[in-house]
Amino acid sequence: MPLPGLPSVDPVSNIGEDHTPSLRFMTFVGRITTMARIAVTDGMAKDAVALLEQAGHEVMLGPIPAEDLAAGALGEFDAIIVRSATKLPADVIAASGDRLAVIGRAGVGVDNIDIIAAASVGIPVVNAPRASTQSVVELTIGHLLSSIRHIPRSDRGMRDGKWEKKAMKGTELSGKNLGLIGFGRIAQGVGAVAQALGMTVHTYDPYLPPKVAKAQNTTLHKKVETLFSNCTHISVHCNLNDETHHLVDAKRLALMPGRSIDGIACGNHVVNCARGGIIDEEALLAALNQGTIASAALDVFEIEPVPQSSPLLQHQNFHGTPHIGAATLEAQARVGRDIAHAIMSVLDGGTCETTVNAHLLK
Ligand code: MLT
């Protein structure tokens with residue numbers, strides 16, 4: 001069931017990634033723009049830039065300062081393509097004037113864009129939801145393995161001249177319960193690899209048709225609490241929104257069993273390669289300090305870049321990466337190509353199946 005006080009159907013902020021094809025695949029007709037000026041503010045693969053230029057569009061590469069955006073800098077563009085660094089809140093969209101015809105998110109998460117404000121002025125927001133799936137799956141498995149085999153800690157020790165063979169005794173993933181929060185494409189990919197490694201997969205996703213979980217041989221929990229109480233390993237795979245903010249908190253972390261179904265005292269392990277803010281980092285740190293959590297691995301943080309003063313960075317059972325889930329040559333090539341085609345489709349007055357605010361556009 002959705003958490004109390006929340007709508008039972010929320011096609012944009014669904015907890016997993018994509019269980020509402022009928023809404024996501026709605027189409028609309030955009031404004032027709034032949035030679036467009038396109039701002040690409042957070043970088044994009046060269047081939048994707050070339051695709052846009054070969055189609056006759058002018059591409060302006062480089063960040064636009066937040067104060068310029070707020071002052072209406074987008075009024076000079078027909079389209080903007082962002083990743084996660086550029087923030088497009090309601091005031092920036094309102095200040096953009098009449099010219100801006102489409103916003104592209106070169107990636108999955110649109111939490112940095114006010115898609116409702118965009119829809120209210122007729123601007124579709126398109127993303128590239130499938131392009132980075134495999135890369136994020138692989139990073140998640142990498143973090144899980146790194147945690148339970150103490151790979152970052154061993155490396156840090158060796159650099160300090162330590163050979164801590166005994167202290168680095170780990171556990172296997174095989175025989176353990178993995179709890180996936182959200183069960184969209186990425187979580188399903190993680191689940192498949194985890195099952196191949198001998199894990200039993202559980203999930204919490206209030207928007208998931210039960211038959212999807214069944215088809216993946218996965219136990220679907222109606223309450224997130226029972227996911228925590230059944231799993232020694234938790235990985236986050238949902239969007240960040242009001243419903244999921246601090247979904248992983250002190251109370252829920254405290255429910256994790258610490259001992260696996262195969263009887264091994266493996267401790268509890270948490271990974272997040274989805275979005276910062278879904279895990280309450282203060283609660284996570286406290287759980288690490290208390291030993292409730294044996295390890296935590298984050299690719300995403302409540303504040304990015306994570307401040308160097310963050311105590312998490314000092315904890316020996318923590319390791320992190322700087323939001324690199326989609327940062328592979330393969331994913332970036334696919335993301336760039338997909339978003340370039342999506343943008344051009346809208347600029348040509350056509351349809352785009354990855355318009356995340358299609359249901360809000362008049
Ligand atoms: C995404 O939402 O696509 C990923 O977090 C990667 C990114 O922000 O670039």
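**Pro-305 and the backbone.** I started at Pro-305, in the loop between strand 11 and strand 12 (318-320). The model is a predicted one. The peptide bond that joins Glu-304 and Pro-305 is cis, with omega at about -10°. I noted it because most peptide bonds are trans.

Next I looked up two histidines. His-150 has a positive phi of about 55° and is not a glycine. I found His-150 in the loop between helix 6 (133-148) and helix 7 (151-159). His-246 also has a positive phi, of about 55°. The loop between strand 9 and helix 11 (250-253) holds His-246. I flagged these because most residues other than glycine have a negative phi.

Are the two histidines buried or exposed? His-150 counts as buried because its relative accessibility is 17%, under the 20% cut-off. His-246 is at 24%, so I wrote it down as partly exposed.

**The ligand.** Which residues surround the ligand? I listed Arg-83, Ser-84, Arg-105, Gly-107, Val-108, Gly-109, Arg-275, His-323 and Ala-326. By class, this shell divides into 2 nonpolar, 4 polar and 3 charged residues.

Then I checked polar atoms against the ligand's oxygens. His-323 has a polar side-chain atom 2.7 Å from a ligand oxygen. For Arg-83, a polar side-chain atom lies 3.1 Å from an oxygen of the ligand. For Ser-84, an N or O atom of the side chain is 3.4 Å from a ligand oxygen. The ligand taken alone exposes 260 Å², and the protein buries 92% of that.

**Asn-112.** I followed Arg-83 to Asn-112. A polar atom of the Asn-112 side chain lies 2.7 Å from the backbone oxygen of Arg-83. Asn-112 is in the loop between strand 4 (102-105) and helix 5 (115-120). Asn-112 counts as buried because its relative accessibility is 7%. Leaving out residues up to four places away in sequence, Asn-112 touches Val-82, Arg-83, Ser-84, Thr-86, Lys-87, Leu-88 and Arg-105.

Where is the largest nonpolar core built from? It has 27 residues, and those with the most contacts inside it are Ile-181, Phe-228, Val-236, Leu-253 and Leu-284. The elements that give two or more residues to this core are helix 10 (224-230), strand 9 (233-236), helix 12 (281-290) and strand 11 (295-298). Helix 12 gives the most, with 4 residues.

Beyond four places in sequence, Phe-228 is in contact with Ile-181, Ile-234, Val-248, Arg-252, Leu-253, Leu-255, Met-256 and Pro-257. Another core lies apart from the largest one. This other core has 25 residues, including Met-44, Val-126, Ile-343 and Met-344.

**Helix 12.** I went back to helix 12 for its buried residues. They are Glu-281, Ala-283, Leu-284, Leu-285, Ala-287 and Leu-288. Why might I expect a repeat in such a list? An α-helix has 3.6 residues a turn, so residues three or four places apart point the same way. The buried residues of helix 12 pack against helix 11, strand 10 (269-272), strand 11 and strand 12.

I then checked both ends. At the start of helix 12, a side-chain oxygen of Asp-280 comes within 3.1 Å of the backbone nitrogen of Glu-282. Just after helix 12, Gly-291 has a positive phi of about 85°.

**Thr-218 and Ala-213.** My last stop was this pair. Thr-218 lies in the loop between helix 9 (210-215) and strand 8 (219-221). Thr-218 counts as buried because its relative accessibility is 9%. Setting aside residues up to four places away in sequence, I counted its contacts as Phe-183, Gln-195, Val-201, His-202, Thr-203 and Ala-213.

Ala-213 sits in helix 9. Ala-213 has a relative accessible area of 1%, so it is buried. Its contacts beyond four places in sequence are Phe-183, Leu-208, Thr-218 and Leu-220. How far apart in space are Ala-213 and Thr-203? They are 7.9 Å apart, C-alpha to C-alpha, and 10 residues apart in sequence.

Notes:
Residues are numbered from 1 along each chain as its sequence is written. This is a predicted model: local features need pLDDT of at least 70, side-chain atom pairs count only at pLDDT 80 or more; totals for chains, interfaces and linings use all residues. Side-chain values use heavy atoms; hydrogens and water are left out. A nonpolar core is a set of buried Ala, Val, Leu, Ile, Met, Phe, Trp, Tyr and Cys residues joined through side-chain atoms within 4.5 Å. Buried means under 20% relative accessible area, exposed over 50%, partly exposed in between (1.4 Å probe, protein chains only). Contact means heavy atoms within 4.5 Å. A residue is near a molecule or strand if one of its heavy atoms lies within 4 Å of it. A polar contact is a pair of N or O atoms within 3.5 Å; within protein, one must be able to donate a hydrogen and the other to accept it, and residues adjacent in sequence count only if both atoms are side-chain atoms. Accessible areas come from the Shrake-Rupley method with a 1.4 Å probe; for residues, only the protein chains shown count as cover. Ala, Val, Leu, Ile, Met, Phe, Trp, Tyr, Cys and Pro count as nonpolar, Asp, Glu, Lys and Arg as charged, and the others, Gly among them, as polar.
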